[in-house]
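Hi,

Here is the structure I promised to send over. Have a look, and my notes follow below.

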Amino acid sequence: RHFHAFHEENQRKTLKKMSMKENLDYSNPNVCRDLKDEHDKCFFKWLDEEFLPERANGGDECKAQWNLYQECIRKRLKAIDLEVALKPAAERWPLEKPKQSK
């Protein structure tokens, strides 16, 4: 299958790129751009070749790119003091329990 060969090669390239980028500046707003682009390229190729023709096999083909991109976003949010955005909404804005009347 053509997509799977593309996926394996793309994943190797992405992992190699990331292993060379140990000291990234996560305060830079574009620090995750290349990871997003890599994931988008993989995802849309999978969408066109696998999902839309109803030949999907679980959608894990782009998981490596997605995980790297998400990790970069987490580090970016931490670098700009927006780490709170990573918490579930219930933790950020807890609902007060209603007071029970007697």
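At what angle do the axes of helix α2 and helix α3 cross? Roughly 155°, with the axes of α2 (residues 33-51) and α3 (residues 63-79) coming within 9 Å. (Axes are lines fitted to C-alpha atoms over the stretch in contact, with angles from 0 to 180 degrees between N-to-C directions; helices are DSSP runs of H or I, at least four residues, numbered from the N terminus.) That makes α2 roughly antiparallel to α3, the label for angles over 145 degrees.

Before I go on: this is a predicted model, where local features need pLDDT of at least 70 and side-chain atom pairs count only at pLDDT 80 or more, while totals for chains, interfaces and linings use all residues. Residues are numbered from 1 along each chain as its sequence is written, and side-chain values use heavy atoms, leaving out hydrogens and water.

Back to the helix pair. On the α2 side, L35, K36, E38, H39 and C42 meet Q65, W66, L68, Y69 and C72 of α3 (contact means heavy atoms within 4.5 Å).

C72 also turns up in a disulfide with C32, S to S 2.2 Å (the cut-off is cysteine sulfur atoms within 2.5 Å). The two cysteines are 40 residues apart, with C32 in the loop between α1 (2-20) and α2, and C72 in helix α3. A search of the whole structure finds 1 disulfide. The torsion about the S-S bond of C32 and C72 is about -95°, so the disulfide is left-handed.

Both ends are buried: C32 has a relative accessible area of 6% and C72 one of 2% (buried means under 20%, with a 1.4 Å probe and protein chains only).

Cheers

Key. Parallel < 35°, antiparallel > 145°, perpendicular 65-115°, else oblique. Buried < 20%, exposed > 50% of the residue type's maximum accessible area, 1.4 Å probe, protein only.
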